[in-house]
Amino acid sequence: MTRKILVLPGDGIGPEITAQASRVLAACQARGLDIEVEEALVGGAAYDAFGEPLPAATLDKARGADAILLGAVGGPQWDTIEDLAKRPEKGLLGLRKNLGLFANLRPAILYPQLAEASSLKPEIVSGLDIMIVRELTGGIYFGQPRGIEEREGERVGFNTYVYSESEIERIGRVAFEMAQKRGKKLCSVDKANVLEVTILWREVMERLAPEYPDVELSHMYVDNAAMQLVRAPKQFDVVVTGNMFGDILSDAAAMLTGSIGMLPSASLNESGQGMYEPCHGSAPDIAGQNLANPLATILSVAMMLRYSLGEAALAGRIEAAVGKVLDDGLRTADIASAGKKMVSTSEMGDAVLTAFE
Ligand code: IPM
Ligand code: MG
């Protein structure tokens, strides 16, 4: 059966990096992968064309797709849009929410070739392999009530941090199962010394633990987790946390690996449909200059093949191709180091394709 892939390039460097990832998808197609690829607008690009960051047509196509590949959204030209609901980021959040993509998997793996590019000492990061499981459709990102309003003569901004037991349990199970497939260690990150919602979070994780006796569950406060990530990151195997803490910790974890330009992600719903995107943003400062690192997006295609299309062998082939170009000393600017060959976005794409073939 032909599977439908929707590519949403988005804004900033999004179109450049998804163009390279689409070439990899096309190469998979040429090797017999039965897919149909469509493109649509999201984020600022969609706002400019239709006045909406998530037009109904895009959402419909997304609902009908087996998997979605997204570049990035946002940029300074849209930061002044008064109505928050029209900002590019709402396009991305709307996709996550409407498709129920609650489980965000953010692997932070250090390619040994890039140990030099990390801001930490090689011995601290060598062999690093962490999986952050971030809850993606709840928490303070979506809690109601929210807003900015006038109270007693001044403006007050407010958001609601809320998780139901079932939301916590659902992401907890994804994380426990992930730990079972990996190093069997799960660290749940919360702020249970201050926030009730995370007291409940911790309780639910504890309640689930006996069902996964082979997994060792631990708990950590988020401030300590941030510190431990840069002090001794290899203590972690799988980390599970809520939406906002996961947003923050995954950027920190990404940087351990040398560059946020290397990290893919998968966002899955209960029926196995997935959206795949690099963890980094739209990098408006380098947009349109053929400078961005396309590897996170190319590796997101590998995650798509593995998690949504059941094509683990092709996924492995893409990952091996990325390893090969790094072995060959090719580096985009973000991972450049002395003695290596600096390449552009499209040259990196060329090299991955050659290695893939
Ligand atoms: C991410 C991004 C998004 C988030 C933004 C663009 C809304 O930072 O995917 O990590 O905060 O989730
Ligand atoms: Mg983020």
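**View 1. P145 sits in the loop between β5 (129-135) and β6 (147-151) of this predicted model.** Strands here are DSSP runs of E of at least two residues, helices DSSP runs of H or I of at least four, and both are numbered from the N terminus. Look for the peptide bond that leads from Q144 into P145: this bond is cis, with omega near 0 degrees. Most peptide bonds are trans.

Residues are numbered from 1 along each chain as its sequence is written, and chains are lettered from A and ligands numbered from 1 in the order in which they are written. The model is predicted, so local features need pLDDT of at least 70 and side-chain atom pairs count only at pLDDT 80 or more, while totals for chains, interfaces and linings use all residues; side-chain values use heavy atoms, with hydrogens and water left out.

**View 2. K184 is in the loop between α6 and β8 (185-190).** Its phi is near 65 degrees, a positive value in a residue other than glycine. Most residues other than glycine have a negative phi.

**View 3. Helices α6 and α7 cross at roughly 50 degrees.** Helix α6 covers residues 165-181 and helix α7 residues 196-208, and their axes (lines fitted to C-alpha atoms over the stretch in contact, with angles from 0 to 180 degrees between N-to-C directions) come within 9 Å. The two helices are therefore oblique to each other, the word for angles that are not under 35 degrees (roughly parallel), over 145 (roughly antiparallel) or 65 to 115 (roughly perpendicular). The crossing is right-handed, that is, the near helix is turned clockwise from the far one by less than a right angle. On the α6 side, E165, I168, E169, I171, G172, R173 and F176 meet L200, W201, V204, M205, R207 and L208 of α7, with contact meaning heavy atoms within 4.5 Å. By class, these residues are eight nonpolar, one polar and four charged; Asp, Glu, Lys and Arg count as charged, Ala, Val, Leu, Ile, Met, Phe, Trp, Tyr, Cys and Pro as nonpolar, and the others, Gly among them, as polar.

**View 4. Helices α8 and α9 are shown with their axes within 10 Å.** Helix α8 (residues 222-231) and helix α9 (residues 243-256) cross at roughly 10 degrees and are therefore roughly parallel. Here V222, A225, A226, L229 and V230 of α8 meet F245, L249, A252, A253 and L256 of α9. This contact has ten nonpolar residues, with no polar and no charged ones.

**View 5. Helix α11 packs against helix α12 at an angle of about 125 degrees.** Their axes are 8 Å apart, with α11 spanning residues 312-327 and α12 residues 345-356. The pair is therefore oblique, and α11 passes α12 in a right-handed crossing. From α11, the residues L314, R317, I318, A321, K324 and V325 meet M348, A351, V352, A355 and F356 in α12. Nine of the residues in this contact are nonpolar, none polar and two charged.

**View 6. Seen around ligand 1 are E89, L92, R96, R106, R134, Y141 and D247.** Each has a heavy atom within 4 Å of the ligand. Follow the ligand's oxygen atoms to the side chains: an oxygen is 2.7 Å from an N or O atom of R96, an oxygen is 2.8 Å from an N or O atom of R106, and an oxygen is 2.9 Å from an N or O atom of D247.

Key
A polar contact is a pair of N or O atoms within 3.5 Å; within protein, one must be able to donate a hydrogen and the other to accept it, and residues adjacent in sequence count only if both atoms are side-chain atoms.
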